Amino acid sequence: MSALQKIRILDTHTGGEPTRLVLEGGPDLGRGPLNERVKLFREKHDAFRTAIVGEPRGSDVFVGALLVEPHDQTCHFGLIFFNNVGYLGMCGHGLIGSIVALAHAGMVQPGLVRIDTPAGYIAAVLAPGGEVTFDNVPSYRKQQDLELYLPGVGNIPCDIAWGGNWFCLIEQHEQKLELANVAQLTDYCLRVRQAVSDSGFPEVDHIELFGSSAKPGVSSKSFVLCPGGAYDRSPCGTGTSAKLACLAADNKLAPGAEWVQESIVGSTFRAKYRRQGDKIVPTIAATAHVTAEATLLLDPADPFAWGIR
């Protein structure tokens with residue numbers, strides 16, 4: 001009988017959105033730049049991705065984070081993020097969840113934590129109470145007021161922006177941003193994503209709808225559809241960064257002013273930004289909670305050991 005392969009993990013959720021941090025047992029991707037290691041992960045070891053976050057062990061909602069040696073030697077750790085359909089340049093909720101998980105494991109202490117990611121260097125601060133504040137990668141708006149045509153709806157204006165991932169951001173959508181309306185919101189965003197691709201932006205894989213919030217002190221509420229078809233339970237760190245980039249470009253939010261973003265499930269992130277040339281550097285603050293520590297077992301006799309692919 002062949003030996004079981006073991007993968008040691010810590011699970012967290014950030015504002016309701018789960019992250020599965022792989023501490024041990026993941027693929028050896030060498031010591032090159034993380035964007036090159038992602039390419040190796042995708043081409044040679046993609047079965048690990050589905051084994052870790054896919055069914056039957058995971059679900060479409062999970063984001064995985066592989067802990068690796070950083071290429072940038074000023075960093076403490078490297079993280080490669082992935083989900084049910086592929087790989088992410090950065091993941092705000094995943095970064096927060098991973099740092100809280102590393103603290104739970106005794107691998108980081110309160111203070112500065114420097115993280116290497118495929119999208120670039122991330123500086124984060126872990127507070128004694130568990131809140132994580134991080135400066136995201138430089139973010140910017142690429143396209144303003146792009147007109148999308150949706151059959152049965154008409155023309156819809158949107159912005160295209162980078163916040164560590166590519167986003168289509170829409171405020172004029174006439175959708176009710178309520179948890180009970182998730183099925184309709186998902187369908188709407190899937191059609192938007194196809195329209196964005198047809199309009200010459202196939203790289204855009206996140207769709208974000210914005211609206212007002214009923215909560216005092218909250219700037220806006222959002223619904224985010226992720227690349228694999230699941231919606232983000234958190235307010236989405238990279239999506240909030242993309243939103244700040246648009247607000248900054250329109251001079252609707254001053255540098256240093258706080259923006260509180262609410263998710264579709266009611267959780268919130270606090271955010272602000274500073275300017276860096278023609279881009280902005282967003283700062284996101286939130287906390288996460290550890291939900292499980294476990295060892296995944298990959299049995300060679302299991303036909304779905306590597307996930308349902």
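A residue counts as buried when its relative accessible area is under 20%, as exposed when that area is over 50%, and as partly exposed in between, with a 1.4 Å probe and protein chains only. This is a predicted model, in which local features need pLDDT of at least 70 and side-chain atom pairs count only at pLDDT 80 or more, while totals for chains, interfaces and linings use all residues. Residues are numbered from 1 along each chain as its sequence is written, and side-chain values use heavy atoms, with hydrogens and water left out.

**Stop 1**

Select D145, which lies in strand β9. Helices (H or I, at least four residues) and strands (E, at least two) are DSSP runs, numbered from the N terminus. D145 is partly exposed, at a relative accessible area of 49%. Its phi is positive, near 50 degrees, and the residue is not a glycine. Most residues other than glycine have a negative phi, and most peptide bonds are trans.

**Stop 2**

Select E55 and P56 next. The peptide bond that joins E55 to P56 is cis, with omega near 10 degrees. P56 belongs to the loop between α2 and β3 (63-68).

Now select residues 34-44 (helix α1) and 46-53 (helix α2), whose axes come within 5 Å and cross at roughly 85 degrees. Axes here are lines fitted to C-alpha atoms, for helices over the stretch in contact, and angles run from 0 to 180 degrees between N-to-C directions. The two helices are therefore roughly perpendicular; angles under 35 degrees count as roughly parallel, over 145 as roughly antiparallel, 65 to 115 as roughly perpendicular and the rest as oblique. Contact means heavy atoms within 4.5 Å. To display the contact, show F41, R42 and K44 of α1 with D46, F48 and R49 of α2. These residues divide into 2 nonpolar, no polar and 4 charged. In this grouping Ala, Val, Leu, Ile, Met, Phe, Trp, Tyr, Cys and Pro are nonpolar, Asp, Glu, Lys and Arg are charged, and the others, Gly among them, are polar.

**Stop 1: helix α4 and its cover**

Select residues 182-198, helix α4. Its 17 residues should span 24 Å at 1.5 Å a residue, and the end C-alpha atoms are 24 Å apart, in agreement. The expected span is 1.5 Å times one less than the number of residues. Among the buried residues of α4 are V182, L185, Y188, C189 and V192. What lies over the buried residues of this helix? The cover includes β9 (140-150), β10 (154-162), β11 (166-170), β12 (206-211) and β13 (220-225).

Within α4, pick T186, which is buried at 15% relative accessibility. Beyond residues up to four places away in sequence, T186 touches F223, L225 and G229. After the helix comes G200, with a positive phi near 100 degrees.

**Stop 2: I160 in β10**

Select I160, in strand β10. I160 is buried, with a relative accessible area of 0%. Setting aside neighbours within four places in sequence, its contacts include L146, W166, F167, V196 and F201. For a distance across the sequence, pick I160 and I207: they are 47 residues apart in sequence and 9.6 Å apart in space, C-alpha to C-alpha.

**Stop 3: the cysteines**

How many disulfides are there? The count comes to 0, a disulfide being a pair of cysteine sulfur atoms within 2.5 Å. C91 is in no disulfide, and the nearest cysteine sulfur, that of C236, is 7.2 Å away. C91 is buried, at a relative accessible area of 7%.

C158 is buried at 2% relative accessibility.

**Stop 4: from C236 into helix α5**

Return to C236, in the loop between β13 and α5. C236 is buried at 5% relative accessibility, and its phi is positive, about 75 degrees, although C236 is not a glycine.

Finally, select residues 237-249, helix α5. This helix has 13 residues and reaches 18 Å from its first C-alpha to its last, close to the 18 Å expected at 1.5 Å a residue. Helix α5 is mostly covered, with 12 of its 13 residues buried, including T240, K243, L244 and C246. Just after α5, N251 has a positive phi of about 55 degrees.
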